Amino acid sequence: MKITPMIRNNICLNAHPAGCARDVEEQVRRVLAKTANASSSKVLAAGDKAAAAAQSKTPRHALVIGCSSGYGLASRIVAAFGYGASTLGISFEREPSATKTGSPGWYANRAFDGLAAERNLAAKSYSVDAFSKEAKRLAIEEARAGGYAYDLVIYSLASPVRVDPKTGIMYRSVIKPIGKSYSGTTADPFTGKLGQASVEPASVQEVVETIKVMGGEDWELWIDALAEAGVLEAGALSVAYSYIGPPLSHPIYKDGTIGKAKEDLERAARALNARHAGLGLGAYVSINKAVVTRSSAVIPIIPLYISALFKVMKEDGSHEDCLDQMMRLFSDRLYTGTGRPVAVDAQGRIRLDELEMRDSVQNKVLELMGRINQETLPELTDLDGFKADFLRVHGFGIPGVDYQVDMDPFS
Ligand SMILES: NC(=O)c1ccc[n+]([C@@H]2O[C@H](COP(=O)([O-])OP(=O)(O)OC[C@H]3O[C@@H](n4cnc5c(N)ncnc54)[C@H](O)[C@@H]3O)[C@@H](O)[C@H]2O)c1
């Protein structure tokens with residue numbers, strides 16, 4: 001069958017097998033190119049174990065929870081192809097059937113594992129619910145069987161639901177304001193139409209549930225389980241990802257339900273560092289830049305904000321995607337080779353959003369957003385860039401892929 005994007009309510013329901021694979025290949029190519037161009041830099045050639053050992057510290061065995069797309073996939077690609085780390089990837093994927101494609105991550109994981117094998121990099125991907133005890137057991141067994149301990153644990157989940165492994169109760173996360181309703185202008189990247197979106201405030205129960213799903217509890221369960229099983233290396237690093245964004249998005253993001261969950265992630269980082277001080281664990285929350293991933297199109301105001309942001313950052317040459325951000329996280333924050341502590345802000349967080357949050361960028365974004373109407377939208381924003389990134393995440397619109405060719409969802 002020919003596979004074309006099936007988009008409903010700003011969610012893409014399918015994925016293109018060859019496109020998803022090509023997207024991973026392209027990210028790997030970029031990391032390898034950067035590595036080759038940076039022989040004197042901190043990014044090491046894949047598999048160059050001697051150079052790795054000579055540096056104060058580089059990742060050797062990475063566990064990536066939420067490995068199949070967005071920030072998690074980019075982290076995994078940098079760890080493996082930039083530093084030669086073995087990677088165990090955990091994500092929850094929909095398998096293809098004769099009539100339906102798999103999830104984008106199903107194809108991405110397969111492509112990643114194949115490319116890693118070509119370069120003799122140890123890599124395994126498990127499709128399993130990361131919130132379950134089973135996922136933790138698998139990761140522990142893998143390490144024990146391989147005779148290693150994880151020195152890097154990336155926690156990059158974005159999930160609408162979580163089943164508490166202790167009680168079996170299912171919790172749902174929502175993206176809602178707290179205290180009062182929120183209305184804002186939003187842009188539909190697929191129709192190019194502006195509209196007003198209004199979201200009612202969350203109930204107390206919804207706040208609690210969002211923290212249960214997207215907060216730090218599961219991250220703590222992971223680290224505690226790995227440490228208890230003796231498969232967390234002394235001095236290991238663990239990073240969970242977060243976002244703050246500009247004041248205009250605070251009512252729906254930072255000060256809303258998801259912001260409360262992200263605060264809990266910061267609490268978890270402090271708790272983990274205290275609990276595993278004996279092991280010398282370094283658990284960090286990294287505040288990353290706004291990028292387009294699978295769920296970006298469903299949050300009110302965010303598509304419009306990102307489109308204006310991309311316009312400004314592409315024009316001033318500072319635009320970054322997930323992979324650019326993760327290359328910077330590894331080389332300029334986690335593995336600088338200087339022996340200095342990881343650079344953090346006053347709250348102990350890694351900041352990769354400093355370019356997005358510069359006054360020069362934010363003032364320009366605000367100025368553009370003040371002038372946007374249906375007519376000026378295409379010229380004042382990069383809505384096309386938003387749409388292209390969104391389609392790319394699902395394997396569509398990728399140069400070099402022939403979308404006219406019939407494809408088997410299993411291929
Ligand atoms: N997208 C942004 O602009 C942005 C900005 C800053 C921080 N972040 C944060 O980065 C993190 C990752 O977000 P993303 O945008 O890369 O999302 P994404 O949707 O691209 O990736 C989420 C990953 O989680 C996996 N996943 C979801 N539920 C799972 C489950 N139950 N078990 C196993 N795997 C599961 C998915 O398979 C996927 O690999 C989130 O914490 C998000 O808040 C995102």
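In this predicted model, I244 is in contact with K254, I287 and D353 once its neighbours within four places in sequence are left aside. The residue is found in the loop between β11 and α8, and it counts as partly exposed because 19 C-beta neighbours lie inside 10 Å, whereas a residue is taken as buried at 20 or more. I244 and N288 are separated by 44 residues in sequence, yet their C-alpha atoms are 8.2 Å apart in space. One of the contacts of I244, I287, is also the bridge partner, in β12, of S242.

The strands on either side of that bridge, β11 and β12 (residues 282-287), run parallel and are joined by six bridges. Both belong to an open sheet of seven strands, in which the order is β5-β4-β3-β6-β11-β12-β13 and the pairing is parallel. At the edges of this sheet stand β5 (123-127) and β13 (350-351), each of which has a single partner strand, so that one side of each is left without a neighbour in the sheet. Elsewhere in the sheet, β3 and β4 pair in the parallel sense over five bridges, with L63 standing opposite L88 in β4.

Strand β4 is mostly covered, with six of its six residues buried. From this strand, S86, L88 and I90 point one way and T87, G89 and S91 point the other way, and residues on both sides are buried. Helix α5 (residues 133-146) lies across β3 (61-65), β4, β5 and β6 (150-155), and it runs at about 165° to β4. Helix α8 (residues 257-275) lies across β11 and β12, running at about 160° to β12.

In soluble globular proteins, nonpolar side chains tend to be buried together. In the present model, the largest nonpolar core has 107 residues, and those with the most contacts inside it are Y150 and V153. When neighbours within four places in sequence are left aside, V153 is in contact with L63, W222, I223, L226, A236 and S238; among these contacts, L63 is the residue that stands opposite L88 in β4.

The ligand is surrounded by 28 residues, of which the closest are G66, G70, A130, S159 and T293. The elements that give two or more residues to this shell are α3 (70-83), β4 (86-91) and β11 (232-242), and α3 gives the most, with three residues. By class, the shell around the ligand comprises twelve nonpolar, 14 polar and two charged residues.

Conventions: Residues numbered from 1 in each chain as written. Predicted model: local features only at pLDDT ≥ 70, side-chain atom pairs only at ≥ 80, totals over all residues. Near = placed C-beta within 6 Å. Helix = DSSP H or I, 4+ residues; strand = E, 2+ residues; numbered from the N terminus. Nonpolar A, V, L, I, M, F, W, Y, C, P; charged D, E, K, R; others polar. Core = buried A, V, L, I, M, F, W, Y, C linked by C-beta atoms within 7 Å. Buried ≥ 20, exposed ≤ 12 C-beta atoms within 10 Å, placed from the backbone. Contact = placed C-beta atoms within 7 Å. Pairing = 2+ DSSP bridges. Axes fitted to C-alpha atoms, helices over the stretch in contact; angles between N-to-C directions.
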